[in-house]
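I opened this notebook to keep track of what I looked up, one entry at a time.

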Amino acid sequence: MARRPFLLFGLPFLSVIVGASFVLTPATAIRYERHDRRVRTLTRDEELGVGRAGTGRKVDIREEYYRLSAKDNDNWEQKRVKRLKGESDGIL
């Protein structure tokens, strides 16, 4: 081994590493495919019912949109909140 260290140690070591990468690549691909099947994109209706186990109310997206857009945004008043004593005003 003292005369040819690469031939007796390095070459077998590198061949094991390369061979293992060829063997493990398909196994890794299968693992990611299983993970992708578990974590999938939810539809809009499924998003609204997540975590409630079907006990949540049925929601119509169009109705919610129109309900939220019907708020009176033209008639609002800006209010200033008093600062605590010694609090910075945020201006440098």
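**Overall layout**

I began with the order of elements, which from the N terminus on runs α-α-α, and I counted 3 helices and 0 strands in the chain; helices here are DSSP runs of H or I with at least four residues, strands are E runs of at least two, and both are numbered from the N terminus. I note that this is a predicted model, in which local features need pLDDT of at least 70, side-chain atom pairs count only at pLDDT 80 or more, and totals for chains, interfaces and linings use all residues. Residues are numbered from 1 along each chain as its sequence is written, and side-chain values use heavy atoms, with hydrogens and water left out.

**Burial**

I looked up burial next and found that 2% of the 92 residues of the chain count as buried (buried is under 20% relative accessible area, exposed over 50%, partly exposed in between, with a 1.4 Å probe and protein chains only).

**Aromatic rings**

I searched the whole structure for aromatic pairs and found 2 (ring centres of Phe, Tyr or the six-membered ring of Trp within 6.5 Å; planes under 30 degrees apart are stacked, over 60 edge-to-face, the rest tilted). Tyrosine 65 is exposed at 55%, and tyrosine 66 is exposed at 54%.
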